[in-house]
Amino acid sequence: MEKLVIHGGPPLCGTLPVSASKNAALPLMAAAILPHGVTHLDHIPHLRDITTFSHVLRITGASVERKGRGLQIDASRIGFPEAPYELVKKMRASFYMLGALLGRCGQARVSLPGGCAWGPRPVNLHLEGLKALGAAIDLDEGYVVARLPHGGLPGGSYRFDPSSVGATVNLLLAASVGSGGSRIENAAIEPDVIVFCEMLQAMGAKLSGIGTRTIEVEGIRELQAVDYSNCPDRIELGTFMIAAAIAGTPGEPVHLTHTRPDHLGDDFLDAFQKTGAEYVVENGSVIVTPPEAVNPVSITTAIYPGFPTDLQAQWTVLLACAHGKATVTDQVYGDRFNHIPELARMGLQASVNGNQVTVSGGARLTGARVMSTDLRASVSLVLAGLVASGTTHVGRIYHLDRGYEKLESKLSQCGIDIRREQYDEFSAPNQG
Ligand code: EPZ
């Protein structure tokens with residue numbers, strides 16, 4: 001297995017480039033199997049989740065090839081409308097194949113994703129929504145078996161409660177091809193969904209209301225393959241803004257390049273400014289000036305444009321560096337706190353009560369051997385390692401590799417003492 005070894009202390013300085021978005025890339029890849037042709041997607045990050053999803057697409061008969069910083073997806077020969085358990089269990093977003101295969105083949109057999117590292121993540125809205133638009137849905141030995149009536153998806157209307165990124169994507173994938181009209185209410189308005197809708201539109205899909213809570217779709221017979229460019233990763237930007245605020249030298253700007261700060265939503269940006277950190281936006285870069293002292297600022301996650309749940313673990317580390325008490329409340333996932341016991345091993349003073357963590361900041365964190373449990377938890381451990389005294393070993397970084405591209409090389413170019421090492425989880429500490 002691999003781990004990251006971080007010697008805390010050296011400040012973060014210089015320029016950190018932000019990679020292309022993982023969570024926007026995945027629906028774009030799913031959309032690429034709708035037309036009978038070759039799609040070129042530019043700015044697709046080198047990540048484990050992209051590799052996994054490429055395999056999922058290949059199972060159906062698509063050819064997926066890496067071309068520099070992008071992907072070429074040839075969907076001329078899709079013949080096997082299935083996403084098997086072995087791949088879906090590795091990455092929940094494989095469930096996008098339900099809508100994509102229905103749109104392309106009129107039928108799909110897709111494994112139910114099951115739980116995830118931090119608890120249950122239901123897919124009821126995906127299934128109820130597709131049924132409301134006219135798909136027949138059955139469950140068979142852990143698989144969803146979906147079928148459209150002859151002539152394609154008849155269309156219909158469905159209101160999400162709560163609004164869901166994944167379910168909005170799935171319904172749009174299925175509804176863009178066909179003969180009927182569909183109306184999706186309380187649709188997700190996350191930037192990832194907007195970028196995806198704009199690609200569908202470029203492919204010829206008849207969508208209106210993009211970026212609003214009500215999207216209407218008029219199914220058409222066939223979509224065209226296109227060349228399309230992905231957006232920067234908003235969660236990586238937020239993670240790097242937090243890193244700069246806590247691990248930079250007070251008063252010395254850190255430059256984050258290739259960014260879309262407007263994709264972060266106002267709640268994050270407002271909370272960030274209240275910490276005392278300053279930022280300016282200049283030509284696609286965010287320039288963060290770390291504060292002398294970090295103010296404790298409580299946050300509550302919410303669906304976009306609220307504070308992203310994907311940044312709450314990282315915010316907890318920021319609060320550990322602030323003097324005083326503050327809370328992190330997660331309203332999107334009530335039990336996404338697996339990082340807390342690991343951070344406690346580094347000296348974090350925090351208590352969890354239901355969906356809220358109270359952090360008493362100010363005590364210096366100390367390096368320790370800690371273990372990643374999921375993607376955002378693992379990056380919170382890396383952030384803690386930057387500010388801790390001594391050496392932090394972050395194990396099981398296969399979680400981190402799902403969503404952060406070349407993290408250690410980016411950080412080491414900014415002065416951080418970090419390296420990747422092989423290790424044996426069961427060996428004694430002095431053996432690695
Ligand atoms: C997306 O997951 C992201 N994943 C997640 O990113 C992110 O945490 C999440 O949105 C929330 O922002 C991808 O984009 C691949 P949802 P998704 O359906 O689509 C409830 C990361 O670290 N819900 O918008 O699965 C659900 O429980 C991750 O990159 C239902 O009740 O999230 C949650 O409370 C992990 N029934 C809320 O909706 C359903 O059928 C929003 O979830 C579906 C969702």
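Some ground rules. The model is predicted, so local features need pLDDT of at least 70 and side-chain atom pairs count only at pLDDT 80 or more, while totals for chains, interfaces and linings use all residues. Residues are numbered from 1 along each chain as its sequence is written, and side-chain values use heavy atoms, with hydrogens and water left out.

Let's start with the ligand. There are 22 residues around it, and N124, S164, D310, V332 and R376 come nearest. Being near here means having a heavy atom within 4 Å of the molecule. What is the make-up of this shell? It divides into 10 nonpolar, 7 polar and 5 charged residues.

Now the polar contacts, meaning pairs of N or O atoms within 3.5 Å. The side chain of S164 puts an N or O atom 2.6 Å from a ligand oxygen. For N124, a polar side-chain atom sits 2.7 Å from a ligand nitrogen. N23 also has a polar side-chain atom, 3.0 Å from an oxygen of the ligand. How much of the ligand is covered? Alone, the ligand exposes 830 Å², and the protein buries 85% of that. Those areas come from the Shrake-Rupley method with a 1.4 Å probe.

Which helices take part? α1 (22-31), α5 (124-132), α6 (165-175) and α12 (375-387) each supply at least two shell residues. α5 gives the most, with 3. Helices are DSSP runs of H or I, at least four residues, and strands are runs of E, at least two, all numbered from the N terminus.

Step back to the domains. Domain 1 (2-19 + 232-431) and domain 2 (22-229) both give residues to the shell, so the ligand lies between them. The bounds come from an automatic or database domain assignment.

Next, a sheet. Four strands form an open sheet, in the order β6-β7-β9-β8, with mixed pairing. Two strands pair if DSSP finds at least two bridges between them. β6 (82-83) and β8 (136-140) stand at the edges with a single partner each, so one side of each has no neighbour in the sheet. β8 pairs with β9 (143-147) in the antiparallel sense, over 5 bridges. The loop between β8 and β9 holds E141. Phi of E141 is near 50 degrees, a positive value in a residue other than glycine.

On to charge. Side chains of opposite charge can pair when their charged atoms come close. A salt bridge here is a side-chain nitrogen of Lys or Arg within 4 Å of a carboxyl oxygen of Asp or Glu. The structure holds 18. One of them joins R109 and E82, at 3.6 Å from N to O. It links distant parts of the chain: R109 is in β7 (107-111), E82 is in β6, and they are 27 residues apart.

Two cis peptide bonds to look at. One joins D161 and P162, with omega about 5 degrees. P162 is in the loop between β10 (157-159) and α6. Another runs from Y304 to P305, with omega near 10 degrees. P305 is in the loop between β18 (299-301) and α10 (312-320).

Last, strand β1 (2-7). β1 pairs antiparallel with β24 (417-422) over 6 bridges, and antiparallel with β23 (391-395) over 4 bridges. Find L4. Its bridge partner in β24 is R420, and L4 stands opposite V394 in β23.

Technical notes: Polar contact = N/O pair within 3.5 Å; in protein donor to acceptor, adjacent residues only side chain to side chain. Nonpolar A, V, L, I, M, F, W, Y, C, P; charged D, E, K, R; others polar.
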